[in-house]
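Welcome, and please get your viewer ready. We will go from stop to stop, with something to select at each one.

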Amino acid sequence: MTARDAATAESPHYEVVVIGAGIGGICAGVKLQEIGVDDFLIVDRIAGLGGTWLTHHYPDAGCDIPVTTYQFSFARKPDWERLFPKRDEILAYLEEVAATYDLPRRMRFGTTIVREEWDDAEQLWRLHADSGEVITARFVISAVGAYINPKSKPNIPGVDSFAGVSMYPADWNHDYDFRGKRVAVIGVGASTMQIAPKLAAQVDRLDLYQRTPQVYLPKPDFVLRPWMQRLLALPGGSAAANAAAQIVVDSLLRVAVFTPHPLWRAGARVVDFAGRRLYAGWLRIKVRDRTIREQLAPGFGIVCIRGGLGGQYLPTLNRENVELITTGIAEITPDGIRDNAGAERKIDALVLATGYQVFSDPESYKPGTVIGREGFDLGVFYNTEELKAYYSTSVAGVPNRFIMVGPYSWTGTAFHYFVENAMRHIAAVIDETRRRGATTVEVRADAQERFHQEMLRSGRNLAYYLETRCEGSNSYFINSQGKSPYIRPWSLLKTYRKAVRFDRDDYRYGYQRTGAVLRERIMVGSLVPELDTDA
């Protein structure tokens, strides 16, 4: 036995390691069992399962997507309390699904993977944890989500100098008493829509710092009555409600993909004009002050940003103790914030609701953290070239590793839909690899490029809108490379079918003589050829 074999044999080894125990990780655990993979581990850096819904427990945290779509297709729950559920009920649902599929015993928390390194000799992954431990795995599935890291340290001068209490939505301080305090919130996105109305009712003064106008829509939330829950509990009831939403989304996608480009360009101008006029009317209904309405009006394409169901956010701006500040921040001082107009406002507490690094940002992929075959560095690749991955999951040069939320992955009605779809593809590839008795699988570079070019062709209309009509929007639909590898420009039916109806030979399969670890932990029931070759 070589020293490498000995080190490998001493490391905890699994057939599959899933990184992330949120919605994606839970989905991965369920789907792996469906193809007969039981030797897997789900790791997460936080203290429990649930991902975003575990860490985000700020006031009034909840979902702005109807619950009929915000759930797994394989674990439908008819008895939700509200149409737009709150954080605690969502987390309880995820815990229940995980328990039903026997996932908690396969989970490890407080484990941060800081480096993933492919061992070509043993044909496995070495996952280096921040504790110094090394875990090995035949396959790795990255299920870290769409919003990967909160921007808790925004690029604002003096942010570290503030001497008062500061926090951000993913790490809320429930011990702090906001009553009678002067509070500033930087950022006016989805979290602030929920936080601001609650804080405004408690604090002496609330300053809301807006860099970019958002779109705040009505939120038709209500309690689901027992008769409604009984309807959803009927066979196919919840699925039918979800299907109705999918039809709407699919219709919009088809318009975006199949409209002739000249017509699309002309239509985009009409939609933006009409959309801004309608939104201006909505603002007149909800916001009394004309100056504030002007501050809230977007000067870019009306669908450049995701928008949100604002609920009570717009009426909150009518309060005497709330000020919307749009002059920009010059500096954060030890006891306040000075804006670009020279005004300084003293504060006791600071909330940094400044957004997240998302999956479509090249900066989310740090060089040196994922090292594939022959030293291929995923972070370097994504930061120097366009983001690309075959079916949004597989990258050439990175064998046996899959991304659940990759370039051009966003489709469907909610997060659950597209992680399920991604996992259908990943499970099909792993299953095919095991069926062939192979030890490695890697997408071919030409297949990856073919898929990428298809995304560019099909997404021409979307790219035009997002990359040319959204100037000044600071939209996360557009990354720092000026590209928009966010939305899958296919119909939902095509996305669903193609997830499993793909050419298996778009992947390259490798075989190896069994080594120290392979002898013990090889795929159950598979015979491994002794020669390295392609299938």
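What volume does the second largest pocket have? It is about 1,700 Å³. Before we look inside, a word on the model: it is predicted, so local features need pLDDT of at least 70 and side-chain atom pairs count only at pLDDT 80 or more, while totals for chains, interfaces and linings use all residues. Residues are numbered from 1 along each chain as its sequence is written, and side-chain values use heavy atoms, with hydrogens and water left out.

**Stop one: the pocket**

Select Val249, Leu252, Val303, Ile305 and Arg306, which lie nearest the centre of the second largest pocket among its 44 lining residues. On a 1 Å grid over the protein atoms alone, a pocket is an open set of points with protein on both sides within 12 Å along at least five of seven lines; a cavity is a set where a 1.4 Å probe fits but cannot get out, and lining residues have an atom within 4 Å of a point. A volume is the space filled by probe spheres set on the points, which are joined across faces, edges and corners.

Now colour the pocket lining by class: 33 residues are nonpolar, nine polar and two charged. (Ala, Val, Leu, Ile, Met, Phe, Trp, Tyr, Cys and Pro count as nonpolar, Asp, Glu, Lys and Arg as charged, and the others, Gly among them, as polar.) Helix 8 gives the largest share of this lining, nine residues. Helices (H or I, at least four residues) and strands (E, at least two) are DSSP runs, numbered from the N terminus.

**Stop two: two helices**

Next, show helix 8 (residues 261-286) and helix 14 (residues 460-468), which pack at an angle of about 40 degrees with their axes 10 Å apart. Axes are lines fitted to C-alpha atoms, for helices over the stretch in contact, and angles run from 0 to 180 degrees between N-to-C directions. For the contact (heavy atoms within 4.5 Å), select His261, Trp264, Arg265, Ala268, Arg269 and Asp272 of helix 8 with Arg460, Asn461, Tyr464 and Tyr465 of helix 14. By class, this contact has four nonpolar, two polar and four charged residues.

**Stop three: the cavities**

The whole structure holds four cavities of 30 Å³ or more. Go to Tyr391, Phe418, Asn421, Ala422 and Arg488, nearest the centre of the largest cavity, where about 100 Å³ of space lies. Helix 12 (residues 415-436) supplies the largest share of its lining, four residues.
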